[in-house]
Amino acid sequence: IKNKSIEEIQKEASEIIEILEKEANLENSIEKYQRLILLNNCIEQKFKDKSNKILKKNFQILTKPLSKT
């Protein structure tokens, strides 16, 4: 999962949701729910990582001394 893009993970999650919506027997769905939770956690982590990168970049820009021209 870690090598997949956010879009790929979201697509897989959507596919699982579609399957779960059609499934009548919840006992047959436990593995799919577990996978969905795993995907959700991965998406959350990827968003946190991207957010941290943006914050670091902005911090570097803001703390960079202004050049005199």
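**Figure 1. A buried lysine without a salt bridge.** K46 is buried yet forms no salt bridge, and D49, the nearest side chain of opposite charge, is 6.8 Å away. With a salt bridge requiring a side-chain nitrogen within 4 Å of a carboxyl oxygen, that distance leaves K46 without such a partner. Please keep in mind that this is a predicted model. K46 sits in helix α2, which covers residues 30-63. What lies 2.9 Å from a polar atom of the K46 side chain? It is the backbone oxygen of K4. Leaving aside residues up to four places away in sequence, K46 touches I1, K2, K4, I6 and I9.

**Figure 2. The largest nonpolar core.** Here we look at the 8 residues that build the largest nonpolar core: I9, A13, I16, L20, L36, L39, C42 and I43. Helix α1 (6-22) and helix α2 each supply at least two residues of this core. As a general background, nonpolar side chains tend to be buried together in soluble globular proteins. One core member, I43, touches I9 and Q10 when residues up to four places away in sequence are not counted. I9 is a core member too, and I9 is also among the residues that K46 touches.

**Figure 3. Two glutamates of helix α1, E7 and E12.** Both E7 and E12 are found in helix α1. Which of the two is buried and which is exposed? E7 is exposed, with a relative accessible area of 55%, whereas E12 counts as buried at 15% relative accessibility. The cut-off behind the second call is 20%, because buried means under that relative accessible area. E12 touches K4, R35 and L39, again not counting residues up to four places away in sequence. For E7, the C-alpha atom is separated by 9.1 Å from that of I43, a residue 36 positions apart along the chain.

**Figure 4. The chain around these close-ups.** Stepping back, the secondary structure comes to 2 helices and 0 strands. The radius of gyration is 19 Å, well over the 11 Å that the globule rule gives for 69 residues, so the chain is more spread out than a compact globule. Along its principal axes, the C-alpha trace spans about 70 × 20 × 15 Å. Of the 69 residues, 17% count as buried, and K46 and E12 are included there. Among contacts with a separation of 6 or more, 53% come from residues 24 or more positions apart.

Conventions
Residues are numbered from 1 along each chain as its sequence is written. This is a predicted model: local features need pLDDT of at least 70, side-chain atom pairs count only at pLDDT 80 or more; totals for chains, interfaces and linings use all residues. Side-chain values use heavy atoms; hydrogens and water are left out. Helices (H or I, at least four residues) and strands (E, at least two) are DSSP runs, numbered from the N terminus. Buried means under 20% relative accessible area, exposed over 50%, partly exposed in between (1.4 Å probe, protein chains only). Lys and Arg count as positive and Asp and Glu as negative; His and the chain ends are not counted. A polar contact is a pair of N or O atoms within 3.5 Å; within protein, one must be able to donate a hydrogen and the other to accept it, and residues adjacent in sequence count only if both atoms are side-chain atoms. Contact means heavy atoms within 4.5 Å. A nonpolar core is a set of buried Ala, Val, Leu, Ile, Met, Phe, Trp, Tyr and Cys residues joined through side-chain atoms within 4.5 Å. The radius of gyration is taken over C-alpha atoms; the globule rule is 2.2 Å times the number of residues to the power 0.38.
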